[in-house]
Amino acid sequence: IPLRQPATARGDDLDGLRTAAASCRQCPLWEPATQTVFGEGPHDAQIMLVGEQPGDAEDLSGHPFVGPAGQLLNRALLELGIDRRTLYLTNAVKHFRFERRGKKRIHSKPQVTHINACRPWLLAEIEQVSPKVIVCLGASAARAVFGSGFNLSRDRGRWHTLEDGTRGFGTVHPSWVLRQEVGKREAAYRLLVDDLMALRTHST
Ligand code: URA
C-alpha cells in the first residue's frame, strides 16, 4: 500500500496526530459521532491491533475496544497470556458509523470511502509506532492494511509483509464471534485465539 499522508499528519508524533485527528473532517462520519476514537497504547509497542471502527461504547468513551468486542478480545488475550497494556490498539476508521433506530444506535459497516479517507491516520500511526507485527481484526481492517485483495476466509492467519517490511496477518473480528449463534460461538472464538497464538512470541 502506498504510504501517502496528508501534510498535517506527516512527521507528527502520536500526540500531535491524536490532536489533529480530533478535528478531522475528511469524511462525513465525524458529524453524527460523539468524538474521534484514536489509537492507544505504548508509542513503541511491538504489536499493533487494528479493528474496523469504534462501536457505541468506544464512541461514548473515546477509547478503542472497551465495549463487548473489547471484552471478548480481553478474554482471548488473557487466555494467551498477552498483556493488553503492551499493545497499541487502533481502528481503520476512527469515527463510529451507525444508524438510528429509535433510541438505539446500530453499528453500520464503514464504506471503502470512509476507510480510504481515514487511512492516512492509520498509516501515520503505523509509521510512528513502527510495530514489528500488525494484526488486523476483520476484513475491513485487513483490506485497509494489506490491500483490497485480502480475503478473510482464504487469508486468515497468513503472514503478509508490508512495503516497509512490517509483518502482519488478519483474523476474525471479535464482533463477528459475538454475532454467531450460541452453538457456533465457541468455534468462532477458537479461530480468533488460534490465530492470535502467533503473537505469543512477540508480546514482550
Ligand atoms: N470494534 C472495533 O473494530 N473496534 C473497536 O474499537 C470496538 C469494536
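In this predicted model, helices H4 and H5 each supply at least two residues of the lining of the second largest pocket. The space in the second largest pocket comes to about 180 Å³.

**Second largest pocket**

- The lining consists of Lys 109, Pro 110, Gln 111, Val 112, Ile 115, Asn 116, Arg 119, Ser 140, Arg 143, Ala 144 and Ser 148.
- By class, these lining residues divide into four nonpolar, four polar and three charged.

**Largest pocket**

- The largest pocket holds about 640 Å³ of space.
- It is lined by 30 residues, of which Glu 52, His 107, His 173, Ser 175 and Arg 179 are the closest to its centre.
- Two or more lining residues come from each of helix H2 (56-61), H3, strand E4 (104-107), helix H5 (139-146) and helix H7 (174-179).
- Helix H7 gives the most to the lining of the largest pocket, with four residues.
- The lining of the largest pocket comprises 13 nonpolar, 10 polar and seven charged residues.

**Enclosed cavities**

- The model contains two cavities of 30 Å³ or more.
- The volume of the largest cavity is about 90 Å³.
- Residues Ala 21, Cys 24, Gln 26, Cys 27, Leu 29, Trp 30, Thr 36, Lys 94, His 95, Ala 117, Cys 118 and Trp 121 line the largest cavity.
- Helix H4 gives the most to the lining of the largest cavity, with three residues.
- Eight nonpolar, three polar and one charged residues make up the lining of the largest cavity.

**Sheet**

- Five strands form an open sheet in the order E2-E1-E5-E7-E6, and their pairing is mixed.
- Strands E2 (87-91) and E6 (160-161) stand at the edges; each has a single partner strand, so one side of each is left without a neighbour in the sheet.
- Strand E5 (residues 133-137) pairs with strand E7 (residues 167-171) in the parallel sense, over five bridges.
- Val 135 stands opposite Phe 169, a residue of E7.

**Salt bridges**

- Side chains of opposite charge can pair when their charged atoms come close.
- The whole structure has 11 salt bridges.
- One of these joins Arg 75 and Glu 186, with the closest N and O atoms 3.7 Å apart.
- That pair links distant parts of the chain, since Arg 75 belongs to helix H3 (residues 68-80) and Glu 186 to helix H8 (residues 182-196), 111 residues apart.
- Arg 75 is partly exposed, at a relative accessible area of 42%, and Glu 186 is likewise partly exposed, at 42%.
- Salt bridges that share partners join Arg 75, Glu 79, Glu 186 and Arg 190 into one network.
- Lys 94 forms a salt bridge with Glu 125, in which the closest N and O atoms are 2.9 Å apart.
- Lys 94 lies in the loop between E2 and strand E3 (98-101), and Glu 125 lies in helix H4 (residues 112-129), so this pair ties together parts that are 31 residues apart in sequence.
- Lys 94 and Glu 125 are both buried, and Lys 94 is also among the residues that line the largest cavity.
- Arg 101 forms a salt bridge with Glu 99, with 3.7 Å between the closest N and O atoms.
- Glu 99 counts as partly exposed, at 42% relative accessibility.

**Aromatic pairs**

- The model contains four aromatic pairs.
- Trp 159 and Phe 169 form an edge-to-face pair, with 5.1 Å from centre to centre and 75° between the planes.
- The pair links distant parts of the chain: Trp 159 is in the loop between helix H6 (152-155) and E6, whereas Phe 169 is in strand E7, 10 residues apart.
- Trp 159 is partly exposed, with a relative accessible area of 32%, whereas Phe 169 is buried, with a relative accessible area of 1%.
- Phe 169 thus belongs to two of these topics, as it stands opposite Val 135 and forms an aromatic pair with Trp 159.

Terms used:
Residues are numbered from 1 along each chain as its sequence is written. This is a predicted model: local features need pLDDT of at least 70, side-chain atom pairs count only at pLDDT 80 or more; totals for chains, interfaces and linings use all residues. Side-chain values use heavy atoms; hydrogens and water are left out. Two strands pair if DSSP finds at least two bridges between them. A salt bridge is a side-chain nitrogen of Lys or Arg within 4 Å of a carboxyl oxygen of Asp or Glu. Buried means under 20% relative accessible area, exposed over 50%, partly exposed in between (1.4 Å probe, protein chains only). On a 1 Å grid over the protein atoms alone, a cavity is a set of points where a 1.4 Å probe fits but cannot get out, and a pocket is an open set with protein on both sides within 12 Å along at least five of seven lines; lining residues have an atom within 4 Å of a point. Grid points are joined across faces, edges and corners, and a volume is the space filled by probe spheres set on the points. Ala, Val, Leu, Ile, Met, Phe, Trp, Tyr, Cys and Pro count as nonpolar, Asp, Glu, Lys and Arg as charged, and the others, Gly among them, as polar. Rings of Phe, Tyr and Trp (its six-membered ring) pair if their centres lie within 6.5 Å; planes under 30 degrees apart count as stacked, over 60 as edge-to-face and the rest as tilted.
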